[in-house]
Structure formats: C-alpha cells, structure tokens
Amino acid sequence: MILDALFFLIQAGLTLFFWAILIAAVLSLLIGFNVLDTRNRLVWTISDFFYRVTEPAMRPVRNRLPNLGGIDISPLIVMLLVQAAMLLVGAVRSYMIEFGLYF
C-alpha cells in the first residue's frame, strides 16, 4: 500500500511536469509571436511561474544543444526524457510485482 502511494506520486509528478513543459512551450510561442502581451500582469505571472518551474530542467539541455538559430527544441527533448522516466517507473513497479518485492 505504501509503494502504491509512492509510485502514484512519482507518476503524478512526472505527468504534471510534462504538462508544465508543454504549457511553458506554448506560452513562449504565443509571447514570441505577440499574441500575448507580457505587460499584462496575469500573463506575466503565469509565464514567469512556468518559466521558473521548467527552466531548471531545460537549461542543461539547451546548453548541450547546437545553435539551431531561432528554434528551441529543448522542450521536446525534456518531454521525451520525462516520458522515458515514466516508462522506467512503470517497469520498476512491474518488476517489483513480478519478483515479490512489492508490498
């Protein structure tokens, strides 16, 4: 029962982080194309929140990527890494069930 809660929290956290990266990327595009104006306090607050949540994971990826001009593919790479982590957590859980380590 404790491991159920632990695996649920890990999966939920990874899922929320996946959606935060997606929302941050869409907000960045909308701000970049002047659809949203950052002088609006609500828009600035929301975009700043998602920037602060996702930037620690995306900065190392951006530093390792070559310069692609104005294209930033770091959200895509981080989202793929989060999906891989979700698959890994599911595999660990199934192996623990299979070998009787899951209580």
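This is a predicted model: local features need pLDDT of at least 70, side-chain atom pairs count only at pLDDT 80 or more; totals for chains, interfaces and linings use all residues.
Reader: What makes D4 and R93 a salt bridge?

Author: Their side chains come to 3.6 Å, N to O, and since the cut-off for such a contact is within 4 Å, the pair counts as a salt bridge. D4 lies in helix α1 (residues 2-32) and R93 in helix α3 (residues 74-98), so the pair ties together parts that are 89 residues apart in sequence.

Reader: Why is D4 called partly exposed, and why is R93 called partly exposed?

Author: The relative accessible area of D4 is 36%, and R93 has a relative accessibility of 34%. Buried means under 20% and exposed means over 50%, so a value in between is called partly exposed, and that is the case for D4 as it is for R93.

Reader: How many salt bridges does a search of the whole structure find?

Author: The search finds 6 salt bridges, and R62 takes part in one with E55, where the N to O distance is 2.7 Å, as well as in one with D72, where the closest N and O atoms are 3.0 Å apart. R62 belongs to helix α2 (residues 41-64), while D72 sits in the loop between α2 and α3, 10 residues apart. Through shared partners, salt bridges join E55, R59, R62 and D72 into one network.

Reader: Is E55 buried or exposed, and how do you know which word applies to R62?

Author: E55 has a relative accessible area of 7%, and because buried means under 20%, E55 is called buried. R62, at 31% relative accessibility, counts as partly exposed, and D72, with a relative accessible area of 40%, is partly exposed.

Reader: How many aromatic pairs are there, and what makes the pair of F49 and F50 edge-to-face?

Author: The count comes to 3 aromatic pairs, and in the one formed by F49 and F50 the centres are 5.2 Å apart with 70° between the planes. Planes over 60 degrees apart count as edge-to-face, so this is the term for the pair.

Reader: Why is the pair of Y95 and F99 called stacked?

Author: The angle between the planes of Y95 and F99 is 25°, and because planes under 30 degrees apart count as stacked, the pair takes that name, with 6.5 Å centre to centre.

Conventions. Residues are numbered from 1 along each chain as its sequence is written. Side-chain values use heavy atoms; hydrogens and water are left out. Rings of Phe, Tyr and Trp (its six-membered ring) pair if their centres lie within 6.5 Å; planes under 30 degrees apart count as stacked, over 60 as edge-to-face and the rest as tilted. Helices (H or I, at least four residues) and strands (E, at least two) are DSSP runs, numbered from the N terminus. Buried means under 20% relative accessible area, exposed over 50%, partly exposed in between (1.4 Å probe, protein chains only).
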